Amino acid sequence: MKSMLFVLLASLVLGTAAQADGQRVLVVMKSAQSFKAMDQAFKKRSLFFSKDSAVGAKVEDTLSNINTLVVNVSNEAELAKLQNDPSVAIVEKEIFHPAPRPFKGSVVFGGERTARNIAFAGVPRNSGFKITDKTPWGILAVKAPQAWVQANEGAASRVLILDTGIDKEHSSIKANYEQGKNFVGDANLPYDEADHEGHGTHVAGTIAGVQDSNGFTGVAPKAKLLMGRVCSTQGCSNIAIAQGINWGVQQNVDVISMSLGGAWSTPAEQTAVAAANQAGIVVVAASGNGGTGNVSYPAALPTVIAVGAVDADLKKADFSQWGPQLAVVAPGVSVVSSVPMGTGRDPEVTISIDGQTRIVPSSTFEGSRETLTREANSLVDAGLGKPEDFAKVNVKGKYALISRGEIAFSDKVKNAITSGAVGTIIYNNAPGLLKGALTQDGSTLDAAVFLVEQTVGKELVAALAAGKTAGASVIVKKTDYAPFDGTSMATPHVAGVIALIKSANKSLTPAQVKSILQLTSQALGPNTNNEFGAGVVNAQAAVSRAVIMGSTLP
């Protein structure tokens with residue numbers, strides 16, 4: 001296995017003749033002295049030029065804090081000269097890690113309410129914060145409000161997020177946002193670090209979303225945010241990641257949060273992470289969403305705080321990766337946070353039985369017809385949604401009421417469409433709600449599809465069986481917030497807690513911060529294979545320990 005990994009890394013570092021043409025590469029110099037000489041030469045000529053070789057390759061950027069240059073080579077000869085220069089340690093071609101794509105969640109009831117009720121009890125009355133149903137459950141689960149007074153809500157901390165960008169005008173972000181840079185160079189953006197994917201904006205809201213009157217907040221609601229756009233639809237560039245970390249060192253940030261990664265990291269990325277640690281910056285990253293016993297990189301690097309995900313019952317999320325490098329876990333299921341304005345979707349289902357109406361908890365499916373204007377229709381009980389069920393009823397022009405079970409959601413909906421239904425209300429066959437997709441290729445089925453809870457579905461079935469009239473009114477509202485799932489969502493909870501810790505005690509080193517997090521986390525189990533690391537982070541206990549350590553330091 002090690003020999004295979006060596007071959008993979010060697011191919012990344014050396015490149016090939018075919019890949020050299022028009023290729024961007026990272027050139028890591030052997031020493032600060034050799035980098036300084038190269039940097040001076042770059043400022044004069046914008047070309048790679050050392051005492052040992054003059055290469056016609058164009059230098060695009062110099063990363064002073066990691067002794068690295070971004071160089072564009074046009075042919076194999078230029079690449080060879082770079083590789084053979086005695087002042088060069090590493091030549092690494094540009095590669096792209098998979099772009100961070102969260103699972104789009106639905107607010108799950110039951111466990112979330114339990115977690116919220118437990119957390120409510122410990123929130124200090126003098127915190128000045130109004131907790132409502134709009135308050136993300138994860139903020140309370142990590143005991144953030146209890147830490148705000150000692151940490152001044154994170155006001156003394158600055159957090160750099162390396163992600164897909166940010167909606168800097170979002171009401172939950174604008175007041176705390178400092179600046180950003182685009183390191184992947186996409187065109188057609190309204191501003192450099194704009195977020196087309198929504199992932200980075202969601203992460204930012206969890207870390208330092210501004211407290212508002214509706215009850216929304218981030219973990220450290222007064223911390224300052226910086227965004228390095230290092231990921232696009234193409235993926236996350238190793239060059240962009242190195243540039244982003246170098247910028248974070250230049251900016252003297254307290255925390256770098258990376259909800260990104262893959263099965264390996266490149267030598268230059270490792271060099272950059274080590275430089276951040278040496279500069280006193282705490283680096284935190286996601287363990288990965290593959291559900292395997294292997295922590296992703298860069299989270300698996302020794303100085304990085306690797307974060308896994310738990311749900312609202314503090315159970316390990318099925319997708320959360322684990323292993324010996326996992327440090328802690330945090331909320332990562334049904335995490336509500338900010339998304340680019342207007343891109344969130346909030347389903348609403350109103351049922352009616354003999355004229356009596358009420359709104360019921362609901363979710364919708366990816367791949368269903370988006371119902372942005374309210375529509376209403378009568379319901380017809382179509383059993384499990386099998387062809388033989390539809391043969392017994394007339395659903396033409398109506399909504400089919402279907403039970404979950406036995407066949408796939410997509411087949412249920414397709415059968416309903418074939419029978420003439422214009423929409424479906426599916427009810428769960430177990431407590432709570434869930435999420436899912438009707439298509440795998442991004443296409444859309446021509447029907448409005450919503451899911452309601454098991455008890456609601458049974459109530460509607462009983463009403464129809466009793467000869468009562470039953471119907472549903474449905475709409476999907478545009479919002480500025482959305483629930484996502486993923487270790488990507490757990491990571492910013494920990495980054496926010498670290499912002500609180502550093503705000504309370506600036507003198508702590510990255511190693512001390514990691515130790516504090518692990519010593520104060522709530523242990524979870526069974527933890528045979530380190531599925532939970534030290535447990536779920538506890539901001540209240542962590543900040544208190546940080547303050548005590550500050551009083552004992554010379």
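Predicted model: local features only at pLDDT ≥ 70, side-chain atom pairs only at ≥ 80, totals over all residues.
**Ground rules.** I number residues from 1 along each chain as its sequence is written. I keep in mind that local features need pLDDT of at least 70, side-chain atom pairs count only at pLDDT 80 or more, totals for chains, interfaces and linings use all residues, and side-chain values use heavy atoms, with hydrogens and water left out.

**Helix H9.** I found 12 of the 14 residues buried (buried is under 20% relative accessible area, exposed over 50%, partly exposed in between, with a 1.4 Å probe and protein chains only). Trp247 is one of the buried ones. At the N-terminal end, Ser237 caps H9, with a side-chain oxygen 3.1 Å from the backbone nitrogen of Ile239. After H9 comes Asn252, with a positive phi near 55°.

**Salt bridges.** I counted 12 (a side-chain nitrogen of Lys or Arg within 4 Å of a carboxyl oxygen of Asp or Glu). Asp254 pairs with Lys506 at 2.7 Å between the closest N and O atoms. Both sit in loops, so the pair ties together parts 252 residues apart in sequence. Asp254 is buried at 7%, while Lys506 is partly exposed at 43%.

I also checked Arg369, which forms salt bridges with Glu375 at 3.2 Å and with Asp446 at 3.8 Å.

Technical notes:
Helix = DSSP H or I, 4+ residues; strand = E, 2+ residues; numbered from the N terminus. Polar contact = N/O pair within 3.5 Å; in protein donor to acceptor, adjacent residues only side chain to side chain.
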